[in-house]
Amino acid sequence: MTAFENPALAAFVAQLGEKLVFAQVLIRRAGTGFTLRHIGDTDVSGETLRAVTIEALHAFAQTTEAGAFRPLKSAPNLPRGWHTHAANSVELGTALDRLYPGAVADWFASRMAQPPVTNYREFTSRQTGMYRVTTFPDDRRAEQITRACCDPRFCLKCRLWIVPGLAPDTQNNKSLIPCLEPCALLLEFARKVVRLEQQGNLPDSISSEDTRGMQEKLDQPTSSGREADFESPENPRRIALLLQLPGRD
Ligand code: SF4
């Protein structure tokens, strides 16, 4: 198989130039191939970086530097300190797919005349089983859920799907990787918010003191919390949702 049998990869490579930042990965041309490294290691000598093979990238991207599982590969917590060589376009596509599954295909789809972009209502109306309840939030709550879950602090995908009251993301504060439909993490977060509301555990408003405390937690996150543990009141997305509630003093 040659690189140019994949139209998405061919288009991606054609617009790559000498280098390109793809979420947290810096891609640079190197002869007929490419090198990849964390954007935070742009000026670091390659000799001090660990060489990671393309085959090993999938396992490598599973955890943060602190060893925590990364349920969302587009979260801005890809470990630093590595570099990978891709000998050609096909290998580049494989490497990117291991770091950011489906991202090149989604990037290509987002450039179509009519990108396959959905919206919160359409997407949640197709859910079955335990995720049926994700249709319950009204527009204001759906906006809060989306704002909290897709915050650039938690996800670098550029949200193109629509929710009432919230403009789509821009590449300026996100990345080239588009998000065409709500992900599994957002669905689970929406389900949890509905459950909290049903149990009477979601307040209507928060005090200014609570606001200060929660803002501090968001600004100084610890590495101990699990990203997808929405049971925890310390979960950053839960905090980000509460911070959108009206103040009560
Ligand atoms: S739905 Fe939101 S959190 Fe999930 S991948 Fe898309 S932008 Fe990121």
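**Close-up views of a predicted model**

**View 1. The shell around the ligand holds seven nonpolar residues, no polar ones and one charged residue.** Here Ala, Val, Leu, Ile, Met, Phe, Trp, Tyr, Cys and Pro count as nonpolar, Asp, Glu, Lys and Arg as charged, and the others, Gly among them, as polar. This is a predicted model, where local features need pLDDT of at least 70 and side-chain atom pairs pLDDT 80 or more, while totals for chains, interfaces and linings use all residues. Residues are numbered from 1 along each chain as its sequence is written, and side-chain values use heavy atoms, leaving out hydrogens and water. Look around the ligand for Cys149, Cys150, Cys155, Lys157, Trp161, Cys179, Pro182 and Cys183, each with a heavy atom within 4 Å of it.

**View 2. Helix H1 (residues 7-14) meets helix H3 (residues 89-99).** Their axes (lines fitted to C-alpha atoms over the stretch in contact, with angles from 0 to 180 degrees between N-to-C directions) come within 10 Å and cross at roughly 100°. That makes H1 roughly perpendicular to H3 (65 to 115 degrees). Helices are DSSP runs of H or I with at least four residues, numbered from the N terminus. Leu9, Phe12 and Val13 in H1 touch Ser89, Val90, Leu92, Gly93 and Leu96 in H3, with contact meaning heavy atoms within 4.5 Å. This contact has six nonpolar, two polar and no charged residues.

**View 3. H1 also packs against helix H4 (residues 103-110).** The angle is about 80°, with the axes 9 Å apart, so H1 and H4 are roughly perpendicular to each other.

Methods. Helices (H or I, at least four residues) and strands (E, at least two) are DSSP runs, numbered from the N terminus. Angles under 35 degrees count as roughly parallel, over 145 as roughly antiparallel, 65 to 115 as roughly perpendicular and the rest as oblique.
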